[in-house]
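User: Hey, I'm new to this one. Can you walk me through it?
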Amino acid sequence: MSLPLIMTQVHSKALKRSVTVDRILGHYRGSKPGPVLVFFGGIHGNEPAGVFALHRVFEFLNSTAPEFAGEIIAITGNLSALQLGVRYQRVDLNREWTRSNLEKIDQSAPNDLLEDQQELMEINQILQKLTLSRKGPFYFFDLHTTSSETIPFLTVNDSLLIREFTYQYPAPIILGIEEYLDGPLLSYVNELGYVAFGFEGGQHDELASIANRQAFIYLSMVFTGAIDKANINYKKYHHTLAKHNRRLRSICEIIHRHLVTCRNDFEMLPGFTNFQPIHKGQHLANCPSGPINDPKDGKIFMPLYQGKGDDGYFIIRPVPKLFMTLSAWARHIRMDRFLPLLPGVEWANGNKDELVVDLKTARFLARPLLHLMGYRSKWMDETHLRAKNREAASRTEEYLSSPWMN
């Protein structure tokens, strides 16, 4: 495997940590065939905790050489932004992963690209080489932190395959973020059919964020079957995540996103933390146009307390267990096949993996019903909604021999 060598000094005064890394932060191959685990750290340059956690894990692997099946590869995200300690330089590296944008970047000369786009091009080249040269099964994990205080949680694109795998973690699962964000890295990878999701391990400057990430990485190695739990301190790492989540072992769904339009003048009111209950009409933030009040009851999610970013905050609500059970049943029997028989509903293409819904004649086909059958809306205007099936792309057959599959 040819590894790019672009050395960068990653430093955090708040975390009191410093490490020198290149694009491939670490690579460890076991003596037995098995899964391919790919971790991303530092996709946002002001989130270095994932880089430090991965660095520690590879120190352990290289020094102790435990019995390992398959291989684990860690990719450093935005090297230049990490060196500067900023979220990104010109464009958000975690909002650029759309097919149209990747085609445009692929056809451009490197000197014509912005710094962050050059980073994306290099990462994408590595991903392409990996998926072409390895058999798999593949697992992709993106390590993040938040600007507000939070317990650890998972951000998941909702497919039955990913549900089954992520149920193993002692952490809340947040569904639906792909409906509100364009171009996240792992949404792109998930649309290729692989198990791919994000882990948010704490607030940017908390030392616990590094420990939470280490625990997540070790648990991921166990859950994928890459390493036996007897070869690590499994109870310690499981407890590290579980202790935060005794009352929050739930599945939640994003129901609202506040898009920042006033840019540098957006000001979140101080003191909000992830999963904090909020009520309709509550004053949450300020903009030059006036106060921003909560439009819906729920829990606040990822309030923005940093200089860059378009996501002011999200609102989430718990998903009833009955809904999750019904949705699994509806997807198994492919109930969505009958939706185009309804007035105002038709397939978007011959692949029959995407629906176009005329809101004038099919308003009854609300988002919850689409979610039930595995669809997430990609866009909506005044007259139409377009929704893509998360189940259609899943490479379920590649994971059938995995230890976590029922």
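Predicted model: local features only at pLDDT ≥ 70, side-chain atom pairs only at ≥ 80, totals over all residues.

User: Which residue does Arg-386 form a salt bridge with?

Analyst: That would be Glu-354, and the closest N and O atoms of the pair are 2.8 Å apart.

User: How many salt bridges does the structure hold?

Analyst: There are 22 of them.

User: OK, what does Arg-23 pair with?

Analyst: Arg-23 has a salt bridge to Glu-119, with 2.6 Å between the closest N and O atoms. Arg-23 is in the loop between strand 2 (17-21) and strand 3 (24-29), while Glu-119 belongs to helix 4 (residues 115-133), so this pair links parts 96 residues apart in sequence.

User: Are those two buried or exposed?

Analyst: Both Arg-23 and Glu-119 are buried.

User: What about Asp-311, which side chain does it meet in a salt bridge?

Analyst: Asp-311 meets Arg-95, at 2.8 Å from N to O. Here the pair ties together parts that are 216 residues apart in sequence, because Asp-311 lies in strand 16 (residues 311-318) and Arg-95 in the loop between helix 2 (79-84) and helix 3 (99-106).

User: How exposed are they, starting with Asp-311?

Analyst: Asp-311 counts as buried at 11% relative accessibility. Arg-95 is partly exposed, with a relative accessible area of 23%.

User: Which residues are linked in a network of salt bridges?

Analyst: The network links Asp-158, Arg-163, Glu-178, Glu-179, Glu-191, Glu-253, Arg-331, Arg-376, Arg-390 and Glu-391.

User: Changing topic. What do strand 13 and strand 14 form?

Analyst: They make a hairpin, with two residues between them. Strand 13 covers residues 283-287 and strand 14 covers residues 290-293, and they pair in the antiparallel sense over four bridges.

User: Which residue in strand 14 is the bridge partner of Ala-285?

Analyst: Ile-292 is the bridge partner of Ala-285.

User: Where do side chains point in a regular strand?

Analyst: As a general rule, they alternate between the two faces of the sheet.

Technical notes:
Residues numbered from 1 in each chain as written. Heavy atoms only, no water. Pairing = 2+ DSSP bridges. Salt bridge = Lys/Arg side-chain N within 4 Å of Asp/Glu carboxyl O. Buried < 20%, exposed > 50% of the residue type's maximum accessible area, 1.4 Å probe, protein only.
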